[in-house]
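Please study the sequence and the structure shown here.

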Amino acid sequence: MRLRPPFALTALTAGLLSAAQVNADSVDLTMYYPVSVGGALTDVVDNLVEEFESEYPDINVEAIYAGNYDDTRVRAMSAMEAGDTPQLSVMFSIDLYELLEQNAIVAFDDLVETDEERDWLDSFYPGLMENGQLDGKTYGIPFQRSTIVLFWNKDAFEAAGLDPETPPENWQEMAEMAATVREASGGDQWGVMVPSTGYPYWMFQAFAYQNGHRLMSEDGTEVYFDDPAAVEALEYWVSLASEHNAMPDGTIEWGTLRQNFIEQSTAMIWHTTGNLTAVRSEADFDFGVAMLPMNTQRGSPTGGGNFYIFEDSTEAEQRAAMTFIRWMTAPERAAAWSIETGYMGVSPAAYETDALQRYVEDFAPAAVARDQLEHGTAELSTYQGGRVRRALDNAVQAALTGQMTPEEALSQAQQEAEGVLRRYAR
Amino acid sequence: MTLTAHRKMQLYGALLLLPAAILLTAFAYLPTVTTVINSLFLPGFRGAPTEFVGIENYQVLFNDPTFWKVARNNLVYAVGTIPTSIALALAMALFVNGKLRGRGFVRMAYFTPTILPMIAAANIWMFFYAPQIGLFNKLLGALGFSGVNWLGDPNVALGSVIVMSVWKEAGFFMIFYLAALQGMPPELKEAADLEGTRRWSFFWRVTFPLLMPTTLFVLINALINAVRVVDHLFILTKGGPNNATNLLLYYVYENAFSFFDRTTAATITVVILLVLGVVATLKFTILDRRTHYQ
């Protein structure tokens, strides 16, 4: 940590004056956190931490940037194994079961003492809490969270004779509009692209949920990949390319998709709301952001990172960690964080702040992710999550590349997942 | 030399070896031993102690179809990259060894891919390969062909990864060949010219045999690299679609850090070590005997 001389001097003087008492009461916290979108987010976090420390002089927070979500998990787990557990961390919201299995984290319900603290636990959007809760207890507090949204190119819609202000409402409309764009452009432009590398399970979950189907049980011990509703959802995804000729064959790359949209090689994309600011600054055409289309219901899984408090720390450290997390997720901070990053404000109160209200008024697409939360569902999260997600990823890719029918692929993924989850289902 | 002086020399030698010995033990031998041990145990579940299971982990691994798919992918990858990149490296070295305008520039151009970090190179190639906006498909489109989904079609994805690796490796190997060619005594060429030897037979009878030590070195490096691929898979394909480009070391990483299955990761690692050990032994015993050192 950098200490500026004047501050160090003041601290030293203060320390000398109040003798050892301040030191005895002060708490040191270590926190790992990931950044998985562009921009200088580490600076934003550093500034927040500095501000917090000046408000709470007896709590020192060392915030360590640890890469993307996977890197952060690896880093925190290795630190734990080495006996150097952090007191708190921001990690993937779907890491919950792995963390519980390693006995790594504590429930916030066991830490809260006052009514005010209990109210704070209830202040978040319930949709964002789902991934952090198990058996009625809360283990993860929402921090950098997102949903999948539909970006559409208004100019392309107009050129194809569609109403530029009307995005597709349902699956059928999306397929038709996409096919219309494709035809009108003489094959120069695709209608729609849904990424199928990186996080295929995430996108598939959206399709399945829009078809009224949830892919896993509440307790993370069972999955329902081969349900007819899931098969139908995957069939629809495949049909966008095979039947409607509206989406390219094969898998679609997560990493280059935004560029595809910006270069207008596709009229619509499904992507995380985290790309909003980048698209806004790079696109030289008129675009809109909408909720994902529906079939039997609207829906998108949530995504992103939660705060966790680790088991292997003293009571004082855990209390201090909670103080810090409460401060970080307070409405004004959540609003500022949302504006600077594009992530969602995590509580309704955040959207009632002046700052975020003004921002949304000025740039309406910023509110779409929040509005969609009403139709949100938990991101796919089970015991042995890595292997289970990978089984589903493979099934989605096998179907999209024509190696298997959606039904075959999903029933294979189901078998694989059941094998892995056998010992948890009991 | 007296006995004590001899002792002193021995101690001196031992001390010189010590730093390397410590580093190797800490970062190579100890991890190898613990990996072998880990592969023989099954970790406890919900508080149960670790259990010795002998070769059971290996049996489970050999019944895992994904492991065989990954192993087959890696074999295809090795066969696809090693001979091609070596042949290309040799050709490039011969080319820039000759009298040539702007020779320094060409040499540098060939070497450029090597100095790029793997992740950066993979990011560049991801945009080459991108189906609609990518360079390759734009070129194909200009020639009137419809594009290929280079990384998204399981039939071509592994090939695409191989092409990128060859591009990355060949320039690196060229440097070794170039150094060897530069070190070759010019009298050989002069003598051959006096005798009226044709260029082709001079290459096969003189140059190529003299390059054998370099070839052996490059071959071993290429083999190690073929098993060491992990970084560009993160960027390009993440092993997909449907494991079409998953290679051994990436599979080890996935098991260890995505699935938290250290046991399987250790087991695969031991299998890789054994196979590499066998190949290295074969190379040093058979190829080395056929290699002519000057």
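A salt bridge is a side-chain nitrogen of Lys or Arg within 4 Å of a carboxyl oxygen of Asp or Glu. By this rule, a search of the whole structure finds 18 salt bridges over all chains. This is a predicted model, in which local features need pLDDT of at least 70 and side-chain atom pairs count only at pLDDT 80 or more, while totals for chains, interfaces and linings use all residues; side-chain values use heavy atoms, with hydrogens and water left out. Residues are numbered from 1 along each chain as its sequence is written, and chains are lettered from A and ligands numbered from 1 in the order in which they are written.

**Salt bridges within chain A**

- Side chains of opposite charge can pair when their charged atoms come close.
- A:E113 forms a salt bridge with A:R319, with 3.5 Å between the closest N and O atoms.
- This pair links distant parts of the chain, 206 residues apart: A:E113 lies in the loop between α5 (96–101) and α6 (115–121) of chain A, and A:R319 in helix α14 (residues 315–328) of chain A. Helices (H or I, at least four residues) and strands (E, at least two) are DSSP runs, numbered from the N terminus.
- A:R319 has 23% relative accessibility and therefore counts as partly exposed. The classes are buried (under 20% relative accessible area), exposed (over 50%) and partly exposed in between, with a 1.4 Å probe and protein chains only.
- A second salt bridge joins the side chains of A:R258 and A:E282 at 3.4 Å, N to O.
- Here too, distant parts of the chain are linked, 24 residues apart: A:R258 is in helix α12 (residues 254–262) of chain A and A:E282 in helix α13 (residues 276–282) of chain A.
- A:R258 is partly exposed because its relative accessibility is 25%, and A:E282 is partly exposed at a relative accessible area of 35%.

**Salt bridges between the chains**

- A:R390 forms a salt bridge with B:E254, the closest N and O atoms being 2.2 Å apart.
- The pair crosses from helix α19 (residues 385–400) of chain A, which holds A:R390, to helix α12 of chain B, which holds B:E254.
- Both A:R390 and B:E254 are buried.
- A:E263 also pairs with B:K138 in a salt bridge, at 3.9 Å between the closest N and O atoms.
- Between chain B and chain A, the count is four salt bridges.

**The interface as a whole**

- Contact (heavy atoms within 4.5 Å) involves 32 residues of chain B and 34 residues of chain A.
- The side of chain B that touches chain A draws at least two residues from each of α5 (118–129), α11 (231–236), α12 (248–258) and α13 (262–290) of chain B.
- Its largest share, six residues, comes from α12(B).

**The build of chain B**

- Chain B has 13 helices and two strands.
- Chain B is more spread out than a compact globule, because its radius of gyration is 24 Å, well over the 19 Å that the globule rule gives for 294 residues. The radius is taken over C-alpha atoms, and the globule rule is 2.2 Å times the number of residues to the power 0.38.
- Along the principal axes, the C-alpha atoms of chain B fill a box of roughly 85 × 80 × 30 Å.
- Of the 294 residues in chain B, 39% are buried.
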